[in-house]
Amino acid sequence: MKRIVIQDRTPIPPFGEPARDLRILNKPLWLLQRDLLSQHCRGALEVDSLSEIPRDREELLVHRDNLFFNDLLINSFIEQARASGHACQIAFAREDKSITTHALRLQEGIKLDPQRNVYVADMFYYPNGIGEEPRPLVIHTEPREMGYYHIPSYMAPNQGDLVFQVPRRAFLSIENWVQVFLANSPFGVFSWGRIHEQLVEESWKEKLAVSLNTLGHKFSPFSPPWRNHMFSCSRLVKIGKNCSIDPTATIHGPTIIGNNVSIGAGAVITNSLIGNNVNIMQGCQVMLSVVSDRCYLPFNAGLFMTTVMENSMIAQLSCLQMCVVGRNTFIGAGNIFTDFDLVNRPIQTWHKGELQEVGLPVLGSAVGHNCKIGSGFVVYPARMIGSNTTLIYADSEAIIGRNVQHVTGADETETDEYGEPVRTVYKWPQHFDPDAPKAGSTGAGADSSFMESLQVALPKSARVRQ
């Protein structure tokens, strides 16, 4: 079967490049599509529209290059389309919750066909070349509600629980950074867990295989110590070559870890995808996330449902929730990317020149490619930081951006009544507390000569602000 790819060159903020070039599950989208279709198609012809497709009489698969789908969806579509013997267009039922809840916002590629009362997208099958009008072929994504049901009521008073409609057969039209988040986390690694959960429920063979595999690791002297849990068995956690994993690390599947990966003491990785040449240091938390090739997480970094594209670094004590980070980006220490609107307003993000609701009760933010972000930022939900941006935290009320001098009298060895060295007291951003008594004084302003010496000792820019 020949593959025809309809190009979509629309750049997606904040990355500034089309969807086909963005990383989905640690692969550029065009490469992910090619690998999933390699068993069905030979070669690929790129066109700008349906009208440019050659009229050859051969079997064709036609799709846009900004579509995300998994193997279960594309295999089901091709199998059913071939069995029908007719030209087909992929379609979804109006009651399909993974489509109606997550896939319809901030995009135009999945649209309602009012005549047939189904949602359709630009994926077509032609058994004998373009000619016959394609018929809608409804594919059921088989969603399952998964997420967090036991939360304080004030966190979701209008939207209900913090849950996702996680599909078994995933499909999205990626036209906004929010769909990049959905493709990687809820429709990506979270979907892996949902698929395996159903497999264990329906197959006693799989349940027995996981149990025996777990027992084998538990009693084998050659198994690494961290494989001490059912969810850590080799059927659920796949490890590449030349990896170094500390025995105290906790890794639960379904998780895939690439080659040359280092995981430090106390790190916790759950239901995630870790690329090649990744360094995850001690105490890091990675849950339902994608960490792409050559990324670095120093100690105590935290990722929840977050995608980090290749060659990026999330420094120590930074916490990213439901975010997307571009390639070659540095996020400094102690940054917090929040995902919850405290006043319960609908979360909105910028899309095609205006603010639009994302349709999710919680959502983080997006950082573009080649960014450098300093320490101490708090980023509100659904914000975008554009590619090639450097952010330096320079609030004089909250940071120390210059040298802080200790000011003393003539005697450098003098002590206070408790025997402690006399200290210069600063009340930031004011530089000196005039009410702090000097050693041996009996009142707040007992030694005016000390204040005079302060004015001489410090430069004008560092004197007491009135």
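User: What does it take for two strands to pair, and which residue in β5 is the bridge partner of Ile 4?

Analyst: Two strands pair if DSSP finds at least two bridges between them. In this predicted model, five bridges join β1 (residues 2-6) to β5, and these strands run parallel. Within β5, the bridge partner of Ile 4 is Val 62.

User: Which residue in β9 stands opposite Leu 60?

Analyst: Strand β5 also pairs with β9 (residues 118-126). That pairing is antiparallel and has four bridges. Opposite Leu 60 stands Tyr 126.

User: How many of the five residues of strand β5 are buried?

Analyst: Strand β5 spans residues 60-64. It is largely enclosed by the rest of the structure, because the buried residues number four of the five.

User: Which are the edge strands of the open sheet with seven strands?

Analyst: The sheet order is β16-β19-β22-β25-β28-β31-β36, with parallel pairing. Inside that order, β25 (residues 302-304) and β28 (residues 319-321) share three bridges, and Leu 303 has Leu 320 as its bridge partner. An edge strand here pairs on one side only. The edge strands are β16 (250-252) and β36 (378-379).

User: Is the pair of Phe 377 and Tyr 393 stacked or edge-to-face?

Analyst: A search of the whole structure finds four aromatic pairs. In the pair of Phe 377 and Tyr 393, the ring centres are 5.2 Å apart and the planes stand at 85 degrees. Planes over 60 degrees apart count as edge-to-face, so this pair is edge-to-face.

Notes:
Residues numbered from 1 in each chain as written. Predicted model: local features only at pLDDT ≥ 70, side-chain atom pairs only at ≥ 80, totals over all residues. Heavy atoms only, no water. Phe/Tyr/Trp six-rings, centres within 6.5 Å; stacked < 30°, edge-to-face > 60°. Buried < 20%, exposed > 50% of the residue type's maximum accessible area, 1.4 Å probe, protein only.
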